[in-house]
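What follows is a report for a reader meeting this structure for the first time.

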Amino acid sequence: MHVQAVLFDGFDPLDVLGPLEILYAGGIATDGAITVELVSAEGARDVPSGLDLITLRATARLDPERDGLILVPGAAGPTRQADPEDDSIPSRIARTQRTDLPALLSAAMARPGVTMTTVCGGSLVLALSGLLKGRHATGHHDALDVLWGLGATVVRARVVDDGDLVSSAGVTSGLDLGLHLLEREFGPRVAHAVEEMFAHEQRGVVWRAAGTAPAPI
């Protein structure tokens with residue numbers, strides 16, 4: 001299983017590195033069955049995060065034709081937007097729409113061999129691109145109303161598994177996303193081994209559109 005973690009200007013480093021380190025450790029636990037790389041819509045380049053101290057290197061262009069997982073993070077910065085061109089989280093996420101990223105993500109989601117995954121505001125990147133209409137998804141709690149408005153069927157859970165789309169909530173839920181993906185693809189023993197190594201117990205029920213529909217509680 002190959003993982004392409006997407007970088008864009010202003011990305012949140014923890015959204016990327018949390019689940020990516022979980023999946024990288026899963027690669028060790030599976031004798032190399034998981035490979036990971038950092039990519040961007042523009043190709044190989046240094047990509048500044050939303051934190052001035054951190055820049056990561058994308059080594060390739062996002063390849064929508066490659067089977068595996070694509071991980072889309074949110075942005076880091078001030079939460080309140082004063083101007084569309086400022087460095088707030090809403091502005092940084094909106095600016096992804098001026099790049100080739102929406103077209104690349106759309107092409108990837110049309111392929112049966114790709115599973116799209118998001119952390120925090122990453123689901124907004126997809127929703128702004130028109131890719132979450134009618135899909136079950138979650139994201140940062142401050143963005144859920146926006147997701148609804150953009151056509152997503154919002155579920156208030158830390159991880160929402162909608163088949164070839166798996167989304168997670170706020171920043172730290174990226175760890176739970178990584179562990180869920182390990183368990184889903186390789187089973188509970190691999191996920192448990194990585195969970196023990198990171199001293200992080202997966203939190204919350206992974207929501208799926210399955211089982212008995214609950215009555216109001």
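Asp-31 is exposed, because its relative accessible area of 77% lies over the 50% cut-off for that class. The model in which this residue sits is a predicted one. Asp-31 is found in the loop between α1 and β2, the latter spanning residues 35-40, and it has a positive phi of about 55 degrees although it is not a glycine. Most residues other than glycine have a negative phi.

Cys-120 also has a positive phi of about 55 degrees without being a glycine. Cys-120 is placed in the loop between β7 (114-118) and α4 (122-128). Is Cys-120 buried or exposed? With a relative accessible area of 9%, Cys-120 is buried, since buried means under 20%.

Three further residues give a view of other parts of the chain. Met-1 lies in the segment before β1, which covers residues 2-7, and at 26% relative accessibility Met-1 counts as partly exposed. When neighbours within four places in sequence are left aside, Met-1 is in contact with Ala-33, Ile-34, Thr-35, Leu-69, Glu-185 and Phe-186. Gly-68 lies in strand β6, which is made of residues 68-72, and Gly-68 is buried, with a relative accessible area of 15%. With its neighbours within four places in sequence again set aside, Gly-68 touches His-2, Gly-113, Val-114 and Thr-115. Leu-132 has its place in the loop between α4 and β8 (136-137), and at 1% relative accessibility Leu-132 counts as buried. Beyond the neighbours within four places in sequence, the contacts of Leu-132 are Ser-123, Leu-126, Ala-127, Ala-137, Leu-147, Gly-151, Ala-152 and Leu-165.

| Pair | Apart in sequence | Apart in space |
|---|---|---|
| Gly-68 and Glu-21 | 47 residues | 17 Å |
| Met-1 and Leu-131 | 130 residues | 23 Å |
| Leu-132 and Pro-64 | 68 residues | 17 Å |

The report now turns to helix α6 and its partners. Helix α6 covers residues 173-186, and its 14 residues reach 20 Å from the first C-alpha to the last, close to the 20 Å expected at 1.5 Å a residue. Which residues of α6 are buried? They are Ser-173, Gly-174, Asp-176, Leu-177, Gly-178, Leu-179, His-180, Leu-181 and Leu-182. After α6 comes Gly-187, whose phi is positive, near 100 degrees.

The axes of helix α1 (residues 13-29) and α6 come within 7 Å and cross at roughly 30 degrees, which means that α1 is roughly parallel to α6. In passing α6, α1 makes a right-handed crossing. On the side of α1 the contact is made by Gly-18, Pro-19, Ile-22, Leu-23 and Gly-26, and on the side of α6 by Gly-174, Leu-175, Gly-178, Leu-179, Leu-181 and Leu-182. Sorted by class, the contact of α1 with α6 has seven nonpolar, four polar and no charged residues.

The residues of the contact of α6 with α7 divide into seven nonpolar, no polar and two charged.

How do α1 and α7 lie, and at what angle do they pack? Their axes are 10 Å apart, and the two helices pack at an angle of about 120 degrees, so α1 is oblique to α7. The crossing of α1 and α7 is right-handed. From α1 the contact draws on Glu-21, Ile-22, Ala-25, Gly-26 and Ala-29, and from α7 on Val-190, Val-194, Met-197 and Phe-198. By class, seven residues in the contact of α1 with α7 are nonpolar, one is polar and one is charged.

Ile-22 and Gly-26 of α1 belong to the contact with α6 and to the contact with α7.

Terms used. Residues are numbered from 1 along each chain as its sequence is written. This is a predicted model: local features need pLDDT of at least 70, side-chain atom pairs count only at pLDDT 80 or more; totals for chains, interfaces and linings use all residues. Side-chain values use heavy atoms; hydrogens and water are left out. Helices (H or I, at least four residues) and strands (E, at least two) are DSSP runs, numbered from the N terminus. The expected span of a helix is 1.5 Å times one less than its number of residues. Buried means under 20% relative accessible area, exposed over 50%, partly exposed in between (1.4 Å probe, protein chains only). Axes are lines fitted to C-alpha atoms, for helices over the stretch in contact, and angles run from 0 to 180 degrees between N-to-C directions. Angles under 35 degrees count as roughly parallel, over 145 as roughly antiparallel, 65 to 115 as roughly perpendicular and the rest as oblique. A crossing is left-handed if the near helix is turned anticlockwise from the far one by less than a right angle, and right-handed if clockwise. Contact means heavy atoms within 4.5 Å. Ala, Val, Leu, Ile, Met, Phe, Trp, Tyr, Cys and Pro count as nonpolar, Asp, Glu, Lys and Arg as charged, and the others, Gly among them, as polar.
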